Amino acid sequence: MLSDTAKVKGLKFTFYGGADEVGGLAVTVEDGFGKVMFDYGLIPKDPPVHPLEAPPVDEIILTHAHVDHSGMIPWLTSRYQVPVHGTYPTKEVGRLLMLDSLKVARMEGYFEPYENGDVDDTMSLFTVERFDRGFNIGGTEFIPRMAGHIPGAAMFEIRGENNILFTGDIHTVETRLVPGAVVPKADVLVIESTYSGREHPDRKQTEDGLVDKVKEIVERGGQAILPAFAVGRTQELLMILEKTGYNIWVDGMGRKVNRIYGKSREYVTSHNDLKRACLRAYAVETNEDRFRSDRADVIVTTSGMLDGGPALNYIEKIRNDPKSGILMSGFQVEESNGYRLLNTGHLEINGVLEKVNCEVQRFDLSAHAGHSGLVDFVNKCDPETVMLVHGDGDRRKILADEFDGRKVFLPKKGDEIVL
Ligand SMILES: [Zn+2]
């Protein structure tokens, strides 16, 4: 049953971004505890899409480090010096991504919504929370719960007059890197819907297919380039490929993230497996390393969507080598260079559109729950009210149709819902 925006006094949700769009999540929740902002991100498009201007809030909760959830938090803390709650990996990786998004803005001539010093201020306001340990906001208990997705990604349970669960991004199956999301009960559920109407292929089969393809490329004398997001995907790929025994190199921001995740024992599936995989890969630290990496069998490198990063330099060297291959594994935004490669076989390198003649293949290793994962999650959580956010405007209806008997909202950017 779809509901229109109710106009009753009480618990209030306002959607400043990331409601009917994937990324840029920004939602305030107001109840007896005050006004809390959940995430304040930007969509890293060309140019970036910012959320609506936020009002003063009492506290901020950051579900995870990805820039589409964290990217505008320093803007918020520069105006309202209020506490920011999140886990250790969210804080440390978030800092890297906030600084990186500023660097990109500077390089590309985009609007710079804050300065480096504002990122430092965000960090000084950060309170590190741990899974399953409640903390207090305005007399109400907030409890971070394991969300899957990436290390440190948290859902937040609010145990007040209304039991609310805010998921952020979730994955319901265990991956090499992170355990799957737990499913708390709630009366009101605000849940991401990125993959509404779409399923993922079997993960084990996908991983096996990727390993086989890497073997094929290396055994025919080529080099496998794996463009990857620094956060989560780089580490997962290193874990998947560790047992091949090949000469694997890692370049880009992923190296720094490896070090943070190395100190995040309680947030990963297997700390030992992760540490072993990261230690086994050679990190490209200097230009000399970059030269030596010519001998690599496999290079895992940023950026995941091929919009810059060292990946393009490596690809430039192998793009006409029929023995080599580019193996994509991340989500590709429609305007991205990676999307262009998969759909046209061309890539923009140093401002020039180049034909890519080596093998190109895509593997679905998504960090988001697929359609049936989302349906199971909602049914186990068993809320009266469901709000589907972080999804394509119309695609969310496919998911909403699964929930007969529950009150379902499909909010848009700028909407308010009062329960
Ligand atoms: Zn995310």
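Helices (H or I, at least four residues) and strands (E, at least two) are DSSP runs, numbered from the N terminus. Residues are numbered from 1 along each chain as its sequence is written. This is a predicted model, in which local features need pLDDT of at least 70, side-chain atom pairs count only at pLDDT 80 or more, and totals for chains, interfaces and linings use all residues.

**View 1. The cis bond at Ser-303.** The peptide bond from Thr-302 to Ser-303 is cis. Its omega is near 5°. Ser-303 sits in the loop between strand 15 (298–301) and helix 10 (311–318).

**View 2. The whole chain.** The chain contains 13 helices and 22 strands. Its radius of gyration, taken over C-alpha atoms, is 21 Å. Along the principal axes, the C-alpha atoms fill a box of roughly 65 × 45 × 40 Å.

**View 3. Domain 1 against domain 2.** Domain bounds come from an automatic or database domain assignment. Domain 1 covers 12–198 + 367–418, and domain 2 covers 204–332. Their centres, taken over C-alpha atoms, are 28 Å apart. Contact joins 20 residues of domain 1 to 16 residues of domain 2. Two residues are in contact if their C-beta atoms, placed from the backbone, lie within 7 Å. The side of domain 1 that touches domain 2 has 12 nonpolar, 4 polar and 4 charged residues. Here Ala, Val, Leu, Ile, Met, Phe, Trp, Tyr, Cys and Pro count as nonpolar, Asp, Glu, Lys and Arg as charged, and the others, Gly among them, as polar.

View 4. Two strands pair if DSSP finds at least two bridges between them. Axes are lines fitted to C-alpha atoms, for helices over the stretch in contact, and angles run from 0 to 180 degrees between N-to-C directions.

**View 5. Strand 3 and its partners.** Strand 2 (residues 26–31) and strand 3 (residues 34–38) run antiparallel. They are joined by 5 bridges. The two strands form a hairpin with 2 residues between them. Val-29 has Val-36 in strand 3 as its bridge partner. Strand 3 runs parallel to strand 4 (residues 59–61), with 3 bridges. In strand 4, Ile-60 is the bridge partner of Met-37, and Ile-61 stands opposite Phe-38. The loop between strand 3 and strand 4 holds Pro-47. The peptide bond from Asp-46 to Pro-47 is cis, with omega near 0°.

View 6. Strand 16 (residues 325–328) pairs with strand 19 over 4 bridges. Leu-327 has Gln-361 in strand 19 as its bridge partner.

**View 7. Helix 6 crossing helix 8.** Helix 6 (residues 233–241) and helix 8 (residues 271–280) pack at an angle of about 85°. Their axes are 8 Å apart. The two helices are therefore roughly perpendicular to each other. Angles under 35 degrees count as roughly parallel, over 145 as roughly antiparallel, 65 to 115 as roughly perpendicular and the rest as oblique. Helix 6 contributes Gln-235, Leu-238 and Met-239 to the contact. Helix 8 meets them with Asp-273, Leu-274, Ala-277 and Cys-278. By class, this contact has 5 nonpolar, 1 polar and 1 charged residues.

**View 8. The positive phi of Asp-382.** Asp-382 lies in the loop between helix 12 (371–381) and strand 20 (385–389). Its phi is near 55°, a positive value in a residue other than glycine. Most residues other than glycine have a negative phi.

Technical notes: Rg over C-alpha atoms; globule rule 2.2 N^0.38 Å.
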